[in-house]
Amino acid sequence: VNNWKRIVVHHSAIKYGNVKKYDRAHRERGMKNGLAYHFVIGNGIDSGDGEIEIGPRWTKQLHGGHVKNHAVNLNSIGICLVGNFEKNHPSKRQLDSFTQLVDWLQQDVLKKKTLFAGHKDLKGEQTVCPGRNFPLAAMHARYS
């Protein structure tokens, strides 16, 4: 638990999904550890609105698979909110769950402030993730 240095937020870019569906999709894409993220926060379609699902990478303390840069995956916790935030907005419950999760990780689990990034903030990652409607500036103000 002590090697985590950063928390990276993502959106799924699709309106459907949960841990089980993304795990299967990521395995089908050749990811031997399955689900690329450590946590998935549902939007009320395939899991509850704001429901935090814990992925096997967190329970087994495996490095992430959520960004292209392998070095970043080694020490970054990936949190994915279900939804396409280029088109839609995350729900209030999703955002509440996200901040509760990050607060819990930093204060109770890691017992330290970590770096925080949206996927698109990372050098070399050519993406719009977590989408223009995710309140990234507010989250940077809270966690950076």
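Author: In this predicted model, a residue is called exposed when its relative accessible area is over 50%, buried when that value is under 20%, and partly exposed in between.

Reader: What makes Lys111 exposed?

Author: Lys111 has a relative accessible area of 64%, and because the cut-off for exposed is over 50%, the residue is called exposed. Lys111 lies in the loop between H4 and S5.

Reader: Why is Gln61 called partly exposed?

Author: The relative accessible area of Gln61 is 28%, and since buried would require under 20% and exposed over 50%, Gln61 is therefore partly exposed. Its place is the loop between helix H2 (56–59) and helix H3 (70–75).

Reader: What is the phi of Gln61, and what is that of Lys111?

Author: Gln61 is not a glycine, yet it has a positive phi of about 55 degrees; for Lys111, which is not a glycine either, phi is positive and about 55 degrees.

Reader: How do you know that the span of helix H4 agrees with its number of residues?

Author: The expected span is 1.5 Å times one less than the number of residues, so the 18 residues of H4 (residues 92–109) should span 26 Å, and the end C-alpha atoms, being 24 Å apart, agree with this.

Reader: Which residues of H4 are buried?

Author: Among them are Phe98, Leu101, Val102 and Leu105, but also Gln94, Ser97 and Asp103, each of which must fall under 20% relative accessible area to be called buried.

Reader: What makes a set of residues a nonpolar core, and which members of the largest one touch the most other members?

Author: The members must be buried residues of the listed nonpolar kinds, joined through side-chain atoms within 4.5 Å. The largest such core has 20 residues, of which Ile77, Ile79, Leu81, Phe98, Leu105, Phe116 and Phe134 touch the most other members. Two or more residues each come from strand S1 (6–11), strand S2 (39–43), strand S4 (76–81), H4 and helix H5 (136–143), and the largest share, 4 residues, comes from H4. In soluble globular proteins, nonpolar side chains tend to be buried together.

Reader: Which residues is Ile79 in contact with, leaving aside its neighbours within four places in sequence?

Author: Its contacts include Ile7, Val9, Phe39 and Ile41, together with Phe98, Leu101, Val102 and Leu105.

Reader: How many residues make up the second, separate core?

Author: That core has 7 residues, including Val19, Leu35, Cys80 and Val82.

Methods
Residues numbered from 1 in each chain as written. Predicted model: local features only at pLDDT ≥ 70, side-chain atom pairs only at ≥ 80, totals over all residues. Heavy atoms only, no water. Buried < 20%, exposed > 50% of the residue type's maximum accessible area, 1.4 Å probe, protein only. Contact = heavy atoms within 4.5 Å.
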